Amino acid sequence: MSDIVEKTLTALPGLFLQHQAAGGSGVPRVSVSSRLGSLIRSITALTSKHEEEKLIQQELASLKATVAAPNTTLRLMKECMVRLIYCEMLGYESSFGYIHAIKLAQQGNLLEKRVGYLAVSLFLHENHELLLLLVNTVVKDLQSTNLVEVCMALTIVSQIFPREMIPAVLPLIEDKLQHSKEIIRRKAVQALYKFHLIAPNQVQHIHVKFRKALCDRDVGVMAASLHIYLRMIKENPSAYKDLTGSFVTILKQVVGGKLPVDFNYHSVPAPWLQIQLLRILGLLGKDDPRTSELTYDVLDESLRRAELSHNITYAILFECVHTIYTIYPKPELLEKAARCIGKFVLSPKINLKYLGLKALTYVIQQDPNLALQHQMTIIECLDHPDPIIKRETLELLYRITNAQNVSVIVQKMLEYLQQSKEEYIIISLVGKIAELAEKYAPGNEWFIQTMNAVFSVGGDVMHPDIPNNFLRLLAEGFDDENEDKQLRLYAVQSYLSLLEIENALYPQRFLQVMSWVLGEYSYLLDKGTPEIIITKLYRLLINKSTTSETKAWIMAAVTKLTSQTHSSKTVEKLIQEFSVSLDTCMRQHAFELKHLQENVELMKSLLPVDKSCEDLVVDASLSFLDGFVAEGLDQGAAPYKPHHQRQEEKLSQGKVLNFEPYGLSFSSTMSSSGCTGRQSPAGISLSSDVSGNSAETGQKETNSLKLEGVKKLWGKEGYLPKKENKAGSSPELQPIAQDSTLVENVDQMIMKKDQSQALHHSEEEAEKQRLASTLFVGLGSESAVSLLGKTDTVSHKFRRKSKINDTKNREVTSTHNINCSSFSPLSNAPYEDNDHLNSFQDKEDIGLKKCSLGSEFLESGLKSESLTELHLVENFSACSLSPPSLFEDNSMEIFHPPHPTLSSFANEISLTSSLLEELNEHVHSDLVELCNNEMLKVSSCKIWKDDCLLLVWLIVNKSSLELKNMNLEITSTENFKILEHPGFCFPVIEAESTKSIQHHVQMEKLFTEEDLSGCVKYKVEEDPYIQLEFSITLSLLDFIRPMKICTEDFGKLWLSFANDVKQNIKISDSQANLPFALKTLQQKLRLHIVDIIGNEGILACHLLPSVPCLLHLRAHEGMAALWFRSSCSTLPDYLLYQCQKVMEES
Amino acid sequence: MMRFMLLFSRQGKLRLQKWYLAMSDKERKKMVRELMQVVLARKPKMCSFLEWRDLKVVYKRYASLYFCCAIEGQDNELITLELIHRYVELLDKYFGSVCELDIIFNFEKAYFILDEFLMGGDVQDTSKKSVLKAIEQADLLQEEDESPESAVMSKAHWEGGDWGGGGGRGRCLSSLVGGKARTKLPHTVSVQLLYSFVLYPVLLHSHLPIIPLKGSGSLACNTMNTLLVFNHLI
């Protein structure tokens, strides 16, 4: 038998060739692809993968020869393409044919073209370079009179088209929107949809045409346009609210069965269309009661029409429910939707059950009762054999987790994790478990055990935030010192016992966590010396599977522990071993450890016990090297310039050599401070410490948790005193459910069930209910309480402390520390002032507090008020005008109030100035009229006080009547802070009199120009209130004040600021004169000119209340290089903008 | 929006792939391999939806062929399932009681139908009639060109003849070597018989009609469409 088979098999190919000859081009199924057929058959007959590979390679070789041959007909080429596609599908490389596919699409007749296009769409991807060659063909086919050709071109365009070539075909496709054949119109819309996806701004101008497509008489075209609308509405729902009516009408027609029967699918009218529309309506109605109102009817109708008989109606129902829960809620509909969800959940069909769970997952937060209704089903799903159902159930449980059911839910999740192998699942689930454990952990032991499980399972695939957060939690602790200790102790113990196990392999991340915790907190152990732990760590260190990153962590832990012991043999051994390690990093660590060990005192001060949370004072300016630098400078070394500065100089100076000595500005500050100020290095380092900047970085460091003890070597003076105030308000941990109450609950529930359903409960059932009661406990609602008899208490134990409060405390203490430790050497202010400064800062907003130095300057400025005054007047002489000068012609921009006559205005001003003595004392703007009517006029004036901006409102009663209940209110915005109460009330304003109100304004958020608006309300006799609205524009410049510092201080400050912005701007000839340019800046921006050295100038200012900003300006060949530095990251940008404006104007 | 669609056999052989999102060749191959493994490992009574990587996978098995679509998280799974079914209906109508072999040997046709039905990952036309009309329009040219026998006709022919191994097998073999012209040649017959004996075991799973006929083997083929509906309701 077998040899007969063999013989016939060998004869087969011959027979087939014969057919072809005999039947000519007989039957499509065979002859068209007969070569393909034989290929497929021979592949099927093969037994091994290797044989297949050989065969395909042969085939490819012959194909390659055929397609490359010049005499290959297009018809043969078509056949080759089909075979190529097949080979490619099997996973073999066939890129040699790509170009021929394009050629075929270009040259072939219709049939060949079709295959050519197909091959192109299958072979090439969107960014393939060969795709450009297709553009011409597409353009040609789009212009063809043959409908089939046009269709093909549109099809290929909607599948794959190079983005940059869209303009070439766009007009042609636009024309097709008016084509008489609906299939062409439809495909054109689809092609435009594709364009909208890949290059939305290129089709923006044809949005109107989409509307036309939406109103097309053909359903297919209309349906196609919905894709575009869905996308556009997703991006910007508010722009298409007006179309809601149309969509609702269309949906009504569809639901009502007005479409051609063709579009029915299993006797349901156009389900795809319905779902598309429901989705659009959901997007439109979200958070919008008015739009939602329009859709209620049709949604109700859809729910009603969808009779449950078929999958497709379930699909529509599901979308309907989704929409109902997305839009502005309507109780009636919600009720119906909830019933629908019930149908899904209770369905025996597994697909529907899955969708039911999915629906529950997203409505559960709105409606927790729903979960209670279906709790038994959910429990069943939890043990479902299909992992997908299980996972969806866990997702659902994750959403309803609270402090009382957390342990059960997390346990279920861990069980699932143990079975799952897929990386994506592990990552997401591990993240969720960690989050829940952190939020709701019922106790120390549980928390550590759970996290151990997370680390062991999640291993090295989990998100790096998880171990970081965990360690931070341990380190920062909670409110109760004792609790913290216990938690840490428990962690140490559990890790030690884990390390006890022989040959246990832990993920690297877990080892890192362990080594950090052991290094930090093993001192809490009563028994056992560091020696034992060091030995354990050492064993890890020499383990081959430990990565070098982990080794660094372990080494850091060993270093910490070494400081706690006297002498350790293991450490000696370790040092010896790793001093010759091939890993340079390890070698360095070993050397560091060695040297530290020799100096016990230093080591102890560097590595104090339990100080991981304290802020590190990093001497960012490396001031301890200042002496070295000064020495170098004295010997004639060039001062250091940062990389970007060097580069810039290179660029601006071109190739010309600079023979002049470099301008003194920096070398002088450096060397002078180097020689004179260096005696007190603390003073220098202070400049970096004091600046808000370092406070910021310090905070960053705590956020990212300084884990490597080795780094602490760079701390200048060790650690700041331990932070004292830990006043927290988190409630104590509530005792978790007692067993007795639990049993009670179950009993209650069973009773209830018995009454209502008269069900007989088996043991198993009871077990399930027990599980249910533990799972659904504390789902916040009355029914939950009544059903389960428990109050909802949330434990905040492991929730991180409220962050703002925390940082505030921290920041205050840190500034405090800095001030105490090293403020005095620099500032002239007496030491006692610091307290005052602190209290001052305490009051300030956090963001502004960062800058203690600025406020220090401010304060010193205040002290020498009279002096400042003098300067101010001098500085502002050009931009500020005293009232009389109003009538003079001057170059500055002054707002001339248009309405009132001059005399009355002058009168008013004199009145004003008499009213406001401050006007004479301070620099101020002119009176600007804000609003008026026949009765009343409101004008205002800005007074630029040193410490704030004072807005003075003048309310003039022009009439001869009394104005009563006069109210002035300033609208509060996020940009401003008004120190006084923003409203003001005068019971009466007499006829023809003037009242004034003052407001101190502070800037809350940086801006260039913002309007401060308000309104005035008043009554005339018994008439109703009359309201007048006004607004005044405040600019950033209103809040900028000069900062008077000397060159030396400038140098120090400059180094301490991290945020810098550089920009070259063109300056006009008149400004080429540097002093003149600086003068302009001084006058218009209120900058203080600190110094002018050669062609460089330095200026300083601060933003009220105390954010300093420094400017370095260098003029060079019609260009000015501006270089801002500030402690605030955004201020330089704003100032730069102002500078540019000023420079352009003048 | 659909990300991609795959058709593969129970043996893990890819039969058709359509990608609606630009992706490198290597990535594609990896995804196909992994996804096939996952789907093939699932038991028949399990849920048709899968969460796989960051995607949702909707799959359905028709005879020996798996249809598998990857969609985005917010898409509707059920309607995707129906989309697969509509595609199968289209194939069935075009080929006439379609089986895996039809798709293997005429995969380019299957692609054409898919392109007419889905465009760029979204449903283009849900009307069965207009999809097939568009395909037939293009096919007409082919007929002029090669004067073939239409798929339906060949089907009708093979329903009449019963080749050895019983109705079912004969009908399906029609898609392998079927053709009126050749039935007259005696050796063709032998070839077909040969196929039914030699290759049949190999192609065992590929020859079954995709739309499963549960306990209705004796029903004639032209009732297939009513059966489709019927079967779907079960």
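Two strands are said to pair if DSSP finds at least two bridges between them. Helices (H or I, at least four residues) and strands (E, at least two) are DSSP runs, numbered from the N terminus. This is a predicted model, in which local features need pLDDT of at least 70 and side-chain atom pairs count only at pLDDT 80 or more, while totals for chains, interfaces and linings use all residues. Residues are numbered from 1 along each chain as its sequence is written, chains are lettered from A and ligands numbered from 1 in the order in which they are written, and side-chain values use heavy atoms, with hydrogens and water left out.

**Stop 1: a sheet in chain A**

Glu929(A) has Ser939(A) of strand 6 of chain A as its bridge partner.

**Stop 2: Phe986(A)**

Move to strand 10 (residues 983-989) of chain A, where Phe986(A) lies. Phe986(A) counts as buried because its relative accessibility is 11%; buried means under 20% relative accessible area, exposed over 50%, and partly exposed in between (1.4 Å probe, protein chains only). Which residues does Phe986(A) touch, not counting residues up to four places away in sequence? They are Ile955(A), Asn965(A), Met966(A), Lys995(A), Ser996(A) and Ile997(A), where contact means heavy atoms within 4.5 Å. For a distance label, pick Phe986(A) and Tyr1018(A): they are 32 residues apart in sequence and 9.3 Å apart in space, C-alpha to C-alpha.

**Stop 3: helices 14 and 16 of chain A**

Two packed helices are described by the angle between their axes and the distance between the axes. Select helix 14 (residues 244-255) and helix 16 (residues 289-305) of chain A, which pack at an angle of about 10 degrees with their axes 10 Å apart. Helix 14 of chain A is therefore roughly parallel to helix 16 of chain A; angles under 35 degrees count as roughly parallel, over 145 as roughly antiparallel, 65 to 115 as roughly perpendicular and the rest as oblique. From helix 14 of chain A, the contact is made by Thr244(A), Val248(A), Leu251(A), Lys252(A) and Val255(A). Helix 16 of chain A contributes Thr291(A), Leu294(A), Thr295(A), Val298(A), Glu301(A), Ser302(A) and Arg305(A). The residues of this contact divide into five nonpolar, four polar and three charged; Ala, Val, Leu, Ile, Met, Phe, Trp, Tyr, Cys and Pro count as nonpolar, Asp, Glu, Lys and Arg as charged, and the others, Gly among them, as polar.

**Stop 4: helices 8 and 6 of chain A**

Select helix 8 (residues 132-142) of chain A. Its buried residues include Leu134(A), Val138(A) and Leu142(A). The buried residues of helix 8 of chain A pack against helix 6 (98-107), helix 7 (110-123), helix 9 (147-159) and helix 10 (166-176) of chain A.

Within helix 6 of chain A, select His100(A). His100(A) is buried, with a relative accessible area of 10%. Leaving aside neighbours within four places in sequence, His100(A) is in contact with Val67(A), Ala68(A), Met77(A) and Met81(A).

**Stop 5: Tyr538(A)**

Continue to helix 29 (residues 530-541) of chain A, which holds Tyr538(A). At 8% relative accessibility, this tyrosine, Tyr538(A), counts as buried. Not counting residues up to four places away in sequence, Tyr538(A) touches Thr570(A), Lys573(A), Leu574(A) and Glu577(A).

**Stop 6: chain B and the cores**

Chain B has ten helices and seven strands, and 63% of its 234 residues count as buried. Select strand 1 (residues 2-9) and strand 2 of chain B, which pair in the antiparallel sense over five bridges. Phe8(B) has Leu14(B) in strand 2 of chain B as its bridge partner. Their hairpin has four residues between the strands, and Gly12(B) there takes a positive phi near 85 degrees. Strand 2 (residues 14-19) of chain B is largely enclosed by the rest of the structure, because six of its six residues are buried.

Finally, colour the largest nonpolar core, which has 292 residues; Phe247(A), Phe67(B) and Tyr87(B) have the most contacts inside it. A nonpolar core is a set of buried Ala, Val, Leu, Ile, Met, Phe, Trp, Tyr and Cys residues joined through side-chain atoms within 4.5 Å. Leaving aside neighbours within four places in sequence, the contacts of Tyr87(B) include Met5(B), Leu16(B), Phe67(B) and Phe117(B). A second, separate core of 63 residues includes Ile989(A), Leu1006(A), Val1016(A) and Ile1032(A).

Methods:
Axes fitted to C-alpha atoms, helices over the stretch in contact; angles between N-to-C directions.
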